[in-house]
Amino acid sequence: MGKSYFILCEWTIIISMALASALINTYLPIKNITEYFGAPGPAAGMALFGGLIFVLWISLTRQITGKKYSGIITSIIIASFCLFIHPWYGVVEPFWFSLYGIVGLGCMGLIIELMSRSYWWGVVGGGLGNLCCLVITWLAIGFHTHIWVSTEAASFLVLGAIVSGSVGVLIAQVVSRMVWAGQSN
């Protein structure tokens with residue numbers, strides 16, 4: 001029998017990071033926060049906080065393990081945990097709507113993974129990954145619920161998604177350096 005690509009410690013990191021992300025997504029009242037500040041939706045929470053909810057954890061896993069595909073695997077596990085807790089954006093018709101969550105987060109993980117080769121490309125990748133997931137979610141919500149983001153709000157939320165995703169990677173880079181520094185002592 002072949003050896004696993006990830007060792008037990010790396011699987012523990014992947015699952016722990018994915019679980020942390022899913023729990024933050026589930027239990028932090030992001031929708032209430034965005035509504036309180038008047039941020040227009042749909043998916044304003046993902047746009048403005050996706051960097052802290054998703055990107056940070058995917059990027060952190062990739063940086064700590066240092067292994068290819070760990071970002072993609074983490075993003076798919078995040079989607080799985082989130083969908084185990086509740087349907088994607090609460091939409092239950094069509095029954096397969098939650099597949100958009102897997103596709104959106106999977107694309108986020110893929111972009112973060114592909115662009116994580118250098119410091120600044122990683123930062124850009126976080127912003128683009130968050131934006132990609134947001135656009136997939138907007139299209140899914142629009143086509144199936146007929147709730148579309150307004151043109152005025154879209155510009156603000158696109159910029160917010162890029163900034164939020166980039167900040168998520170920057171935080172992950174700082175945390176991973178602290179983890180590596182702690183291990184060398």
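The legends below describe close-up views of a predicted model.

**View 1. Helix α3 packs against helix α6.**
Two packed helices are described by the angle between their axes and the distance between the axes. Helix α3, which covers residues 44–65, and helix α6, which covers residues 119–145, pack at an angle of about 120 degrees, and their axes lie 10 Å apart. That angle makes α3 oblique to α6, and the crossing of α3 and α6 is right-handed. On the α3 side the contact is made by Met 46, Ala 47, Gly 50, Gly 51 and Val 55, while on the α6 side it is made by Gly 126, Asn 130, Cys 133, Leu 134 and Thr 137.

**View 2. Helix α5 crosses helix α6.**
Helix α5 spans residues 99–114, and its axis comes within 8 Å of the axis of α6, the two crossing at roughly 165 degrees. The two helices are therefore roughly antiparallel to each other, since an angle over 145 degrees counts as such. The crossing of α5 and α6 is right-handed. The residues of α5 in this contact include Tyr 100, Val 103, Leu 105, Cys 107 and Met 108, and those of α6 include Leu 128, Asn 130, Cys 132, Cys 133 and Ile 136. Taken together, the residues of the contact of α5 with α6 divide into twelve nonpolar, six polar and no charged.

Cys 132 counts as partly exposed, at 23% relative accessibility, whereas Cys 133 is buried, with a relative accessible area of 0%.

**View 3. Pro 40 in the loop between α2 and α3.**
Pro 40 lies in the loop that joins α2, residues 30–36, to α3, and with a relative accessible area of 30% Pro 40 is partly exposed. Although Pro 40 and Val 149 are 109 residues apart along the chain, their C-alpha atoms are separated by 7.7 Å. When residues up to four places away in sequence are not counted, Pro 40 touches Ala 153, Phe 156 and Leu 157.

Terms used
Residues numbered from 1 in each chain as written. Predicted model: local features only at pLDDT ≥ 70, side-chain atom pairs only at ≥ 80, totals over all residues. Heavy atoms only, no water. Axes fitted to C-alpha atoms, helices over the stretch in contact; angles between N-to-C directions. Helix = DSSP H or I, 4+ residues; strand = E, 2+ residues; numbered from the N terminus. Parallel < 35°, antiparallel > 145°, perpendicular 65-115°, else oblique. Left-handed = near helix turned anticlockwise from the far one by under 90°. Contact = heavy atoms within 4.5 Å. Buried < 20%, exposed > 50% of the residue type's maximum accessible area, 1.4 Å probe, protein only. Nonpolar A, V, L, I, M, F, W, Y, C, P; charged D, E, K, R; others polar.
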